[in-house]
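Colleague: Hi! I have never looked at this one before. Could you walk me through it?

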Amino acid sequence: MIEFKDVSKTYPNGTKGLQHVNLKIEQGEFLAIIGLSGAGKSTLIRTINRMIDITDGQLMVDGVDVMTLKGKELRKFRRKIGMIFQSFNLVSRSTVIKNVLSSDVPDMPWYKTMFGIYSKEQKIKALEALDKVNILEKAYSRCDELSGGQQQRVALARTLNQNPSIILADEPVASLDPIIADIVMSDFARINKDLNISILINIHHVDLALKYATRVIGIRNGEIVYDGPTSEVTQEVLNLVYMGKAVPKSTDKIEIEGMVMNNG
Amino acid sequence: MAKKNRTPLFDRIFKPEHIVLDNGHTVDRPKSRTPLILVAFLIIVFISMQTTNFNLPRLISRIGQFPVILGQIFTPNLHYFDKVIPLLIETMKMSIVGTVVGCIIGLPLAILASSNINKNKPTLLICRFILSILRSIPTLIYATVFALIFNLGAFAGTAAIAIFTLSIVAKMLYEAIETIDMGPFEAMQSFGATTLQSFWTACMPQILPQYFDNCLYCFEMNVRASSILGYVGAGGLGILIRERTGYRQYHDLGTILLTLFVVVWAIDQLNNWIRSKLS
Amino acid sequence: MSEFVNNNILEKLRAEPKNLWKRLLVTAIVIAVVIWGSTSITYNGVTDKGATIAINIIKGILNPETATLFNLGPNGVPYLVLETMAIAVLGTVIGALLAVPVSFLASTNIVPKPVAMVFRALIMLIRTIPSLVWALVWVRVTGPGPFCGVVTQSVCSIGMISKMYITAIENLDTGVLESLDALGCNTFEKIRCGVIPQLMASFVSTAIYRFDINLKDATTLGIVGAGGIGFPLQEALGSGKWKRVGSFLLVLIIVVLVFEWISNQIRNRLARGRS
């Protein structure tokens, strides 16, 4: 369970990333976080595994106060939280399986890391992770030979290989075309159901968010303006998240209505 | 920001030309800096000529000597090869060991000097400062000093090459490290790897080709450089170069240079072959 | 656990490309070469006074001899630095000028291939012979002194500068020449308006880069009598005047670093244009 208690984040330059966020996320939820660019979506996700430090409030993950963690404890804590990035963040010159195996590195002795020696068990585990995202056949290809969608699935396999209980995904489908994005999202949904892993996704595609997530968080200027089940997301909610009440309906409206209609 | 937008001193002294077009639009044409640069350049050249006793007539009157010496160099004394080979091998050994040692020590220093990996400002700056200083001293001076500290011979030369190699390999490498994709590194951090583990697994594969390339480049350069270190007593071919030019035996010098030329050419070919294999 | 692994995965595991042997072989070759290399490089220990010398030189750098540093005569640091810099300036300027015809004659897009090959061989010859050896040859022609250093550096610089000029010449954008043709320009006008503007920045940039190298090189040419700070430094080392050695080295480090910084600034500006 992840619990935000009045969490705020102010960056050194004065930008307010998060303001008084209160949030409770149960194990196994599939959460989509929507909002404009710069609204604080990335900040929210990155505070959970403390890639970003919070400046106020308390953040509890599975009963641990994240801000009390240091050095080795923090790294051990991060082992059970997977993270997926918009730009995949794979070593493009390395093979697919080496990238997946890299998530085993933190638990390995230094000399094995140095020469890149992995045991048979580790290799089988990595191949199984690749199989779960249906990309087993590419195991020995170099990552730069793969398409964007395939690379994102490799990144997903890398995360699965660390057996996380939570997966944080920062715009995982933003650089993919709509069809591939849908496939990758369905991979997330399947993993969420089959393995009971909590998934938190930052996403711009409202239609995909509504199609796969069970719960939606709307964030604007670092504040949570909507928190509820997917079924209750209405046009008013989207207006609130994306434009604010004061802004009259403009050309943007067409786009957002279009997205909602896609879903329906 | 405000400082950057200020009118440069030059434009305040030499005011830009104000041009008004027929349609009333105006444009400021800054005065060309070329004349000023040219004058400064000519003054510098003039001072330099005074300081170095630049004397073209003397060069022309004595240039006849040059083809004579060159002619002797280009007719190498092939019997001298027997003397050249052992020292050539010593030169090669010095370059190989010096390059390998320098490249190995250069790697951790490069990591410490990369601003995207090492977030600790003081160690970063100290590391870069030391590298700059090491780089600013020519190999030949290292060799002279080391020949005094250690005994005369190949060890001093090898140490000189190693130090010089590490200073440039580290510089080329940290510049390369600073341009790599940090995404994989961030990903490794996100699943709990230490900085060193992250660097080794996520960044090393990205810089490895460049690293090997730099090492080969240094090796090539070091073979040339190490051939003269013997001149100051630090082992290798330089001893012969000193001795033969001292006796004005330019046929023998020709032999030494011919061997060096062939070896450098061969290493160049070998390096190109290795590079094509690596990529 | 492994009994439950499905066949697909085991099959894939067996299909893993095996290049372990190849890697071990390459590693073994490299290690063998290095071991062979280190056979004759024996550490004979430090000389009797080795440790003292090392400490004294470092002490000298940290606490230089002010008498040498501020002696304005021909044996003082200021004059020696000026002389060294003068050698580098003239060597670079003359070398950069001489490199222009050489590099045009070695560019395959300007002259026929056989001609280019001849000049490329010349460039490689110049590059292979160490500058110190060039100085040893020239010192017989010009006699000892800074003038010998200038001549040496002028010749040595041609090698590297030409190599970089050639790259610039072969990357010439011929589209500009075509458009000048269309405007009805003659050959001279084409060179003046189409070629020079394209090459100027990279030529100047190369020359400035070479100046850095020549400045460093000029500090050692004195060893064979070609002027500059090299000879007095060598002399101080030989006679054990460590404090003086320290002051020479300190100034040398500062001068080289300052000029490296300046040349980087200028070259960055040339690359990006004035802003």
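Modeller: Happy to! Keep in mind that this is a predicted model. Let's start with Ser94(A), which sits in the loop between strand E6 (81-84) and helix H3 (96-101) of chain A.

Colleague: Is Ser94(A) buried or exposed?

Modeller: Ser94(A) is buried, because its relative accessibility is 12% and the cut-off for buried is under 20%.

Colleague: And which residues does Ser94(A) touch?

Modeller: Leaving out residues up to four places away in sequence, Ser94(A) touches Asn99(A), Ser141(A), Arg142(A) and Cys143(A), plus Pro205(B) from chain B.

Colleague: Staying in chain A, where does Arg50(A) lie?

Modeller: You'll find Arg50(A) in the loop between helix H1 (41-48) and strand E4 (56-61) of chain A. Arg50(A) counts as buried, since its relative accessible area is 15%.

Colleague: What does the side chain of Arg50(A) reach?

Modeller: The backbone oxygen of Met67(A), at 3.5 Å. There is also a polar contact of 2.8 Å between the side chains of Arg50(A) and Asp53(A). Beyond four places in sequence, the residues touched by Arg50(A) are Val66(A), Met67(A), Leu69(A), Leu74(A) and Arg78(A).

Colleague: New topic: how many residues are in contact between chain B and chain C?

Modeller: There are 60 residues of chain B in contact with 62 residues of chain C. About 5,600 Å² is buried between these two chains, and carbon and sulfur atoms give 76% of that area.

Colleague: How many salt bridges are there between chain B and chain C?

Modeller: The count is one. Arg135(B) and Glu260(C) form a salt bridge, with their closest N and O atoms 3.7 Å apart. Between chain B and chain C, eight residue pairs are in polar contact, counting those with both residues at pLDDT 80 or more.

Colleague: Which part of chain B gives the most to the side that touches chain C?

Modeller: That would be helix H13 (residues 250-278) of chain B, with seven residues. On the side of chain B that touches chain C, 40 residues are nonpolar, 13 are polar and seven are charged.

Colleague: Let's switch to the rings. How many aromatic pairs are there over all chains?

Modeller: The count comes to nine. One of them is Phe54(B) with Phe147(C): the ring centres are 5.2 Å apart and the planes are at 85°, so this pair is edge-to-face.

Colleague: Why does that pair join two chains?

Modeller: Because Phe54(B) lies in the loop between helix H3 (34-51) and helix H4 (56-62) of chain B, while Phe147(C) is in helix H8 (residues 146-170) of chain C. Phe54(B) is partly exposed, at 26% relative accessibility, whereas Phe147(C) is buried, with a relative accessible area of 3%.

Colleague: What about Phe211(C) and Phe259(C)?

Modeller: They form an edge-to-face pair, with 5.7 Å from centre to centre and 65° between the planes. This pair links distant parts of the chain, as Phe211(C) is in helix H10 (residues 187-221) and Phe259(C) in helix H12 (residues 242-272) of chain C, 48 residues apart.

Colleague: Are those two buried or partly exposed?

Modeller: Phe211(C) is buried, at 13% relative accessibility. Phe259(C) has a relative accessible area of 23%, so it counts as partly exposed.

Colleague: Last one: which residues do ring pairs link into a cluster?

Modeller: Look in chain B for Tyr142(B), Phe146(B), Phe150(B) and Phe155(B), which ring pairs link into a cluster.

Terms used. Residues numbered from 1 in each chain as written. Chains lettered and ligands numbered in written order. Predicted model: local features only at pLDDT ≥ 70, side-chain atom pairs only at ≥ 80, totals over all residues. Heavy atoms only, no water. Helix = DSSP H or I, 4+ residues; strand = E, 2+ residues; numbered from the N terminus. Buried < 20%, exposed > 50% of the residue type's maximum accessible area, 1.4 Å probe, protein only. Contact = heavy atoms within 4.5 Å. Buried area = accessible area lost by both parts, 1.4 Å probe. Salt bridge = Lys/Arg side-chain N within 4 Å of Asp/Glu carboxyl O. Polar contact = N/O pair within 3.5 Å; in protein donor to acceptor, adjacent residues only side chain to side chain. Nonpolar A, V, L, I, M, F, W, Y, C, P; charged D, E, K, R; others polar. Phe/Tyr/Trp six-rings, centres within 6.5 Å; stacked < 30°, edge-to-face > 60°.
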